[in-house]
Amino acid sequence: MRFFLSISALAVVLCSSASAQEQPQNDAEAFASENAIVDTSIPFAIGAREARQELRGAFGWPTFQEGLVEGVYFRFDPDGYARFAPSPRLDTDVFEVICRPGTLNCLGRKGPLGVYLNGQGALQLQIDEVQNGDTLSIVEGVTELPLPKRVLMPLDARMETLLGSGGELVVKRGEAAVTRVSLAGFLAVTTYLRWITAQQDYGVLPRGWPVPNSTTSETTTAQTDTNWRAPASNNNRQPVYDRAEDPAQSDAAKATDLAEVRGELNALRDLLLSRRTAAPNGEGAAENPNEPLPPTEETTGRDAEVKQLQDLAQSLMKEIERLQDPALAARDTTTPMQPLATDEMAKPVTTTLGAASTAPNDPQAEAGRIAKQLEYLMSEIGLDAKTALMLVQSGELEGQSSPDPAQTMPTDQPVAESNDVVLDILAELRSQLPAESEQTNPEPIEPKQTDPAEFQLLTEYFKSVFKAKSH
Amino acid sequence: MANERMHNRRRLAGKGLMLLGASTLIVVGAAWYAASAARALFLAHEEFNPIIAGGELDELPALMRGNVPSVTSSMVRNETAREKPPRMCEMPENYFDTVDRGLDQPAGYNGRNGYVRKYRDRRGFLNEREMRAAKVAWHYFELYTQETTGLANSVGNYPSTTLWDTASYIAGVVAAYELCIIEKPELDHRLTQLLTTIKGLELFRKEMPNKVYHTKTGAKVDYTNKPGEIGFSALDIGRFLVWMRIIKNRYPHLGNTVDSVLLKWDFSNTVTEEGLLFGAYVDKETGETVYAQEGRLGYEEYAAKGFALWGFRPLLAHRAEPYLTASIFDVPVPYDGRDPRVFHSQNYVVTESYLQDGLELGFDLPHDDSSPDWLSSDGWRAEFADRIYEVQEQRWRRTGFMTARSEHNVKGPPYFTYDTIFSDGYPWNTVTPRGDYVPDHAAVAAKAALGLWALWETEYTDVLYEAIIELYNPENGMYEGLYERGQGRVEIYTANNNGIILTSLLHKVQGTILTPYTGDTEVWYTAYRDQDVRERRNYPDPPQEDDWLPAIRHSLHQEVRN
């Protein structure tokens, strides 16, 4: 359901963007240098080249990039708009990629087929007019391979590989094929989407991709086996959010986002309740310095947790309203987000982190372990100090049973500076939840028991907050 | 015996002496006669062929060349120069009864390679619908002219413009005045402010105007409207020069202001000795200026004539060669023969440049100030334009698609398309500047439709007229066009579209927009004669008959009508 909601939200946003373009005098304004998200001088693949456009008009993108990769020709502009097609004229069987202005939110589409990266960085398909009971399959020649229903869920690595291998995606209703879409260019488009979202980091390209300068560049080492691991199964993958919000977003879209936030909070509450119910009162509970609370008090405590989160959400809503003032709605979201983190959230976060940081049994051993993790992240993974520290904190709070950061930390996901604030908030909220849970539930939460949906819920929650804030 | 012999000898000696004396006299006399004759001959030559200052035998120093008037066809052929028509509101009711439309003239080339088209242009007063369209088109400029600079936005409220679009704005001002939508104080105010701003614009590397300027500040900007510089466009400058010549010839009181604008520019890298037009851009790697030939068949010739109107001699740019033809609906459509793969420049065939040549210059050569409107002295241009019209009418007749194709802006990416008759080897190819095929952006361009309507009085252009004449938003101006595949109007407003529509409507009233120059010498030709500025900036001398661009025809059409 959540995925359908995501699809709907994206569709609403794209529609609102399109309707904004319907406004006659917004057309010229729709072109803005701030919409440039891609450096066309960085080749997408070996042999690609940046070309200069001859413009007769007064404005437009002066450059673009064109090339040939995986059997398809492509061209893309600085605003991310791209076309992929088997013919050099890019006139038939075209996969088109359109990005929301000024954001890294891009959608690839070919006829009824759409593909995009969801909030967790997982590829997801959308196929127009698919109904319950329809069957999907890949057809190549006389071979027909049925696809499971989960093809409409976030794709895992095998499904991505399968779809990227070519053929035709066929939707059947009964025996009749209602939709046939060529998958030519699927691999190139999905790779492009990842590459754009990762701000043109070669680290997200698949193994074997013709990366420019791959024989000499360090980027070769960045091509890891985990690159194509489905992020839906990798909770450590950090989503990349909008760098700026579309100013023309409609009120309907905002309302949808706010409703989604509230829904997520309710779901979070249910999650906490169910976890609390399922957790056994064993030794861990006895070892906990905090005595387990009586059932009524537990309920009260959970309510307090939820209330605290809801208060936090309300404060974020207020911040959204404050930032909806056009004078404050700067496109660069990094700087304006800072006051939110410090003003509204500093107190509870500081308290929570303070409690967590004083928790280790052996401070020296703990410090050594953290230093080791930091060293690993910085030297082996290549993250900067701030990001590494953030990830270590996140890892500490998420699952302390996983001492090897290599097993838990993303090795292929570049962390965008523009998302630092969001990630900070995410980390703070994550830290808040287990820390307080420990007070009421003595049993440490096993990482295996962690529902990925929890992280997804929070991600979506903050994504919506971030979107609203950037107005 | 001996005495007799002696006597004979003396007689012979005497005769010999007499003969010698006579011979000597004859030789001396002949020599004297020859010398006298020669002297008389030489003296006579000196007396009857003196070198007159400024005459044919006088090699004029550069200092004095500017005083010589430009030689036009009316001077050489002793013909009557055309006259500027009165404003529409000042025309007598029977004005068009006396207009010579050449209806009895057969189509084809004449002995001077002039061309009489198969079709006639429309002439007459504007009716109510046309007047309303003119007022709406003018409203675009009322709305989007910046008070601070006098520059008009190229596209809606996006504050940037090019010289091409500024020329369209000037066209709008001239048309609004001549159609009596505005009066002279507003004409003078707008043009003076505009020209003053353009004179003060910071040039691209102190050479020529930058490709794009911010209309609010007048600062040179890049394609994203941020401070910076791109280079300059010879085509844009060529169109601007056409309109500089039009307002100078029509409104002599603005002549000095016009001259002072152009005398700030350095043409040394724009028109080459062999007569090609060069634009400039900045090398991204080195930051250095790169000069590159600019223009393809259609636009190149139109821009070349703009330069020629100011004394330059863009001989090669004005030639059609190298060109090829593509047979579309049995019409040989001409297109530029330079290979895009080699020259990295597309060869788009669109209507616009032919329309501008026809509307503004009457398909005439720059020196022609005397031929009637129905005769085009730049014959091949008129003949090619007829083909451009015919192929579009044929498409309508054979497929049902109303067709009036041009480059035009579109809403959203890619912001601009070349909606072509032919390009990249394909007919009816709609492509973006980067080369993507985007057939959904194919449209009946409003400016092309009304331009065709003005220059070709046919049943087909009546249909175009009905499609376009009410295609406007009274609040903003004329729409850019009508999508061919039924997506409705191209809901965007541009200076170029509204300017060309106004030009088309003015052409119906007044005919060819360019009128003859009525003065003698010009500051443009006399300024800086005491310095080396003219030499350094490649300012031309007043063109003489030998400097005229040639009237030519092409091998496909050798027939001559005498």
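The expected span of a helix is 1.5 Å times one less than its number of residues. Helices (H or I, at least four residues) and strands (E, at least two) are DSSP runs, numbered from the N terminus. This is a predicted model, in which local features need pLDDT of at least 70 and side-chain atom pairs count only at pLDDT 80 or more, while totals for chains, interfaces and linings use all residues. Residues are numbered from 1 along each chain as its sequence is written, and chains are lettered from A and ligands numbered from 1 in the order in which they are written.

For α5(B), with 16 residues at 1.5 Å a residue, the span should be 22 Å, which agrees with the 22 Å between its end C-alpha atoms. A residue is buried if 20 or more other C-beta atoms lie within 10 Å of its own, exposed if 12 or fewer, and partly exposed in between, with C-beta atoms placed from the backbone. In α5(B), 16 of 16 residues are buried. After this helix comes Cys180(B), which has a positive phi near 65 degrees.

A nonpolar core is a set of buried Ala, Val, Leu, Ile, Met, Phe, Trp, Tyr and Cys residues joined through C-beta atoms within 7 Å. The largest such core has 191 residues, and Ala449(B) and Leu502(B) touch the most other members. Helix α5 (residues 163-178) of chain B supplies the largest share of this core, eleven residues. In soluble globular proteins, nonpolar side chains tend to be buried together.

Two residues are in contact if their C-beta atoms, placed from the backbone, lie within 7 Å. Leaving out residues up to four places away in sequence, Ala449(B) touches Ala404(B), Val444(B), Leu464(B), Ala467(B) and Ile468(B). Leu464(B) and Ile468(B) are also among the buried residues of helix α14 (residues 459-468) of chain B, with Tyr460(B) and Thr461(B). Seen down the axis of α14(B), the buried residues lie within an arc of 90 degrees (taken from the directions from the helix axis to the C-beta atoms), so they line one face of the helix. They pack against α12 (379-399) and α13 (446-455) of chain B. Exposed Glu459(B) and Asp462(B) sit on the face turned away from the buried side.

| Property of chain A | Value |
|---|---|
| Helices and strands | 15 helices, twelve strands |
| Buried residues | 39% of 471 residues |
| Contacts joining residues at least 24 apart, among those at least 6 apart in sequence | 65% of contacts |

Between the chains, 26 residues of chain A are in contact with 30 residues of chain B. Helix α2 (residues 27-30) of chain A gives the most to the chain A side, four residues.
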